[in-house]
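The structure is shown first, and my entries follow.

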Amino acid sequence: MAATKMQGRGPPKGNIELFSPTYFAACGLGGILSCGPTHTAVTPLDLVKCRRQVDPNIYTSNFSAWRSIFAKEGLRGVFFGWAPTAVGYSCQGAGKYGFYEVFKYYYGEKLFPNANKTVVYLGASASAEFLADIALCPFEAVKVRMQTTLPPYANSLREGWTKVTAKEGLGGLYKGLYPLWGRQIPYTMVKFATFETTVNQIYKTLGKPKESYNALQQTGVSFLGGYIAGVGCAVISHPADVMVSKLNADRQPGESGGKAMARIYGNIGFRGLWNGLPVRIAMIGTLTAFQWLIYDSFKVSLGLPTTGGH
C-alpha cells in the first residue's frame with residue numbers, strides 16, 4: 001500500500017509530503033468537502049426516507065411526498081433539516097477520510113506491514129468511523145427529531161439543540177450513538193474496502209497501471225468505484241439506519257437502548273427494518289460516487305495521488 005508516485009500522464013506531484021501531518025490534514029479537508037455538500041444536497045431524499053421509516057403509511061410514494069411537502073411548506077420544507085445535515089456530515093467527513101488515511105498508513109505500513117490489504121482497509125475504516133461518529137451523533141439526533149416529527153420538534157439546528165439539552169442534557173444528543181455506530185461502522189468498512197478493491201480490480205481489468213491514465217480518467221474510475229461501493233453500503237447498513245430513525249423519534253425517557261430497540265423491533269418486525277431501502281440505495285449509491293469523485297479530485301488538485309489502485 002505504499003504510495004505510488006504520479007508519473008507520465010498522471011496528475012503532477014505537489015509539494016505536500018505523503019503521510020505528513022499536512023497530508024492527513026488535507027485528507028480531512030477533502031472529507032469535509034466530499035461529505036458536507038453531498039449529504040446536504042440529498043436532504044429531500046433523506047427527509048422522505050426518515051419519515052417513511054418511522055411511518056410507512058405517511059406517503060404513497062417519494063414524489064407524492066415531495067409534492068405534498070412543497071405545496072404546504074415550499075422549497076424550505078423540502079430541504080428541512082439541511083443545517084444539522086451540513087454541519088454534522090462535514091464533521092463526520094473530516095474524521096472519516098482524515099482518520100482513515102492515518103489508520104491505513106499506520107496499520108498497513110507501521111504496525112502490520114505484511115497484513116492482507118483488505119484487512120487493513122477494514123480495520124482503518126472501522127477505527128476512523130468510530131471517531132467520526134462521535135462528532136456526527138449530536139447533529140444526527142437533532143436532524144432526525146426535526147425530520148420525523150409532525151409538527152416538527154424544532155425548526156432550526158439551534159432550536160433543536162437547545163430543546164434537547166435543556167430537557168435531557170448532553171446525553172440526549174448521544175442516545176443514538178450505539179445504533180449509529182452499528183449503522184455507520186459496517187457502512188464505512190464496506191465503503192472503503194469495497195472501493196479500494198473495486199478500483200484495484202478496474203485498473204487490473206484495464207490492463208495498465210494507474211499512473212498511465214490522466215487525472216480525469218483516474219477520477220472517473222473513482223466515481224465508478226464509489227457507486228459500486230455505495231450500493232453495498234446501503235444494503236448492509238439499512239436495518240441500523242431504520243433503527244436510528246426510530247430510536248431518535250420514539251425512545252421513551254429513561255428507557256435503555258436495548259429495551260427501546262427490542263420494543264421497536266417488536267412493533268415493526270424484520271420486514272420493517274427494510275422500509276425505504278430502494279430510496280436509500282439510490283441515495284447512497286449516488287452519494288458515495290460523488291463523495292469519492294470530490295475527494296479524489298481535491299487530492300489531485302493538491303498534486304496528491306488518487307485513492308486506490310496502488
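**Charges**

I began with the charged groups of this predicted model. The chain carries 31 positive and 17 negative charges, and their mean positions lie 3 Å apart.

**Elements of the chain**

I next asked how many helices and strands there are in the chain. I found 10 helices and 0 strands. Read from the N terminus, the order is α-α-α-α-α-α-α-α-α-α.

**Helix α10**

I then looked up helix α10, which covers residues 277-301. At 1.5 Å a residue, its 25 residues should span 36 Å. Just after α10, I recorded a positive phi of about 80° at Gly303.

**Overall dimensions**

I compared the radius of gyration with the rule for a compact globule. For 310 residues the rule gives a value near 19 Å; the chain has 20 Å, which agrees. Along the principal axes, I noted that the C-alpha trace spans about 60 × 40 × 35 Å.

**Burial, surface and contacts**

What share of the 310 residues is buried? I found 53%, with buried taken as under 20% relative accessible area. The accessible surface of the chain comes to about 13,500 Å², and carbon and sulfur atoms account for 65% of this surface.

Last, I looked up contacts between residues at least 6 apart in sequence. Of these contacts, 77% join residues at least 24 apart.

Conventions. Residues numbered from 1 in each chain as written. Predicted model: local features only at pLDDT ≥ 70, side-chain atom pairs only at ≥ 80, totals over all residues. Heavy atoms only, no water. Helix = DSSP H or I, 4+ residues; strand = E, 2+ residues; numbered from the N terminus. Expected span 1.5 Å × (residues − 1). Rg over C-alpha atoms; globule rule 2.2 N^0.38 Å. Buried < 20%, exposed > 50% of the residue type's maximum accessible area, 1.4 Å probe, protein only. Contact = heavy atoms within 4.5 Å. Areas by Shrake-Rupley, 256 points an atom, 1.4 Å probe, with all protein chains shown as cover. Lys, Arg positive; Asp, Glu negative; His and termini not counted. Charge placed at Lys NZ, Arg CZ, Asp CG, Glu CD.
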